[in-house]
Amino acid sequence: MRILGIETSCDETGIAIYDEKKGLVANQLYSQIDLHADYGGVVPELASRDHIRKTIPLIISALEEAKLTSKDIDGIAYTCGPGLVGALLVGSTIARALAYAWNIPAIGVHHMEGHLLAPMLEDNKPQFPFVALLISGGHTQLVRVDGIGKYQVLGESIDDAAGEAFDKTAKLLGLDYPGGAALSRLAEKGQANRFIFPRPMTDRPGLDFSFSGLKTFAANTINQAIKDEKILSEQTRADIAYAFQQAVVETIVIKCRRALKETSFNRLVIAGGVSANKQLRQSLGELMTQLKGEVFYPQTQFCTDNGAMIAYTGFIRLKNGETSPLALEVKPRWAMTELNSIT
Ligand code: KG4
Ligand code: ZN
């Protein structure tokens with residue numbers, strides 16, 4: 001079975017082909033980052049228009065990369081939520097139209113299930129059950145995973161997602177959108193203990209997160225530093241980036257430790273754009289060594305949005321006999337707990 005995967009939920013057009021026997025045989029990605037950078041965030045209408053331009057050429061490139069033709073494709077997987085409605089409609093419409101023309105089944109995939117299953121593309125795959133930490137620009141969730149589709153959300157952000165907090169703080173520090181990775185690079189030059197940020201919601205029980213206060217704390221710290229220094233020095237910017245990142249990472253580590261204790265699981269899966277963060281990987285690695293457990297990540301290129309995770313998730317669900325009806329439905333908001341479980 002060979003599945004074509006189409007991801008267009010936000011600002012990346014991702015196209016991939018997953019082959020049941022060979023694994024991933026094509027992976028194409030076009031990032032719209034430059035298109036949105038001038039606006040400091042994703043402009044939904046521009047995103048949709050660009051997906052229209054890029055999706056079909058990338059599908060052609062993916063077929064060429066895998067040395068396949070449309071006749072070799074047995075099913076299509078497309079992201080149908082959650083995400084930007086216009087962007088989702090582009091990928092879903094193209095997917096449904098191709099499936100109709102090629103007379104093959106198609107399935108709408110949940111974007112966050114795609115992130116969650118991305119580590120399954122690696123040689124060292126996590127066994128069920130495990131705790132998954134999904135951290136992207138739109139979501140921060142701790143999920144108990146007992147199998148495919150057997151998801152229980154243990155905690156989530158009550159305001160900004162971790163990636164959103166990274167991006168907003170990066171913007172305050174004068175970094176381009178999306179600034180998560182750039183903030184992390186800046187933090188490498190920062191010194192510890194000059195600024196101390198709070199660890200939100202760690203002094204009470206529970207597994208929910210709140211990151212919007214950190215952004216406000218960063219804004220106040222920057223304003224005070226400007227008053228003190230007149231012009232924000234490079235070192236001060238780096239020190240603030242360091243303190244912010246350390247607060248996010250430590251908060252996440254505390255919550256992961258709690259989630260693992262609560263479930264008595266010893267495997268942790270981290271996925272979504274922020275899982276590319278080096279400091280977070282190091283700290284969670286140390287946590288899992290302490291707990292004598294194991295941590296699993298997708299490779300860096302599959303941490304952020306991509307077509308591979310959608311092709312793989314669609315493969316699992318199509319193989320299970322699931323398909324989506326021809327009548328198009330996108331779900332900009334969609335809880336992962338509504339998904340069918342596979343026994
Ligand atoms: O999963 P993703 O590509 O898109 C969403 O579904 O949201 O995640 C993008 C997010 C952005 O907020 C970006 O700044 C953040 O992931 N990100 C990082 C790093 N690389 C990407 N945040 C912190 N450190 C990084 N190295
Ligand atoms: Zn994503």
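Buried here means under 20% relative accessible area, while exposed means over 50% and partly exposed lies in between (1.4 Å probe, protein chains only). Helices (H or I, at least four residues) and strands (E, at least two) are DSSP runs, numbered from the N terminus. This is a predicted model, in which local features need pLDDT of at least 70, side-chain atom pairs count only at pLDDT 80 or more, and totals for chains, interfaces and linings use all residues. Residues are numbered from 1 along each chain as its sequence is written, chains are lettered from A and ligands numbered from 1 in the order in which they are written, and side-chain values use heavy atoms, leaving out hydrogens and water.

Both faces of β5 are covered, with Ala106, Gly108 and His110 buried on one side and Ile107 and Val109 buried on the other. Strand β4 (residues 75-81) pairs with β5 in the parallel sense over 5 bridges; two strands pair if DSSP finds at least two bridges between them. In this pairing, Ala77 stands opposite Ile107.

Now step back to the whole protein. The domain assignment gives domain 1 (2-117 + 302-338) and domain 2 (128-297), with bounds that come from an automatic or database domain assignment. Their C-alpha centres lie 28 Å apart. Where they meet, 18 residues of domain 1 are in contact with 22 residues of domain 2, contact meaning heavy atoms within 4.5 Å. The two domains bury about 1,700 Å² between them, 74% of it on carbon and sulfur atoms; this is the accessible area (1.4 Å probe) that two parts lose on being put together, summed over both. On the domain 1 side, Met112, Leu116 and Cys303 lose the most area to domain 2, together 34% of what that side buries.

What about charged pairs? The structure holds 17 salt bridges, each a side-chain nitrogen of Lys or Arg within 4 Å of a carboxyl oxygen of Asp or Glu. Across the interface of domain 1 and domain 2, however, the rule finds 0. One of the salt bridges joins the side chains of Lys319 and Glu20 (2.6 Å, N to O). Lys319 lies in helix α10 (residues 308-319) and Glu20 in the loop between β2 (12-19) and β3 (23-31), so this pair ties together parts that are 299 residues apart in sequence.
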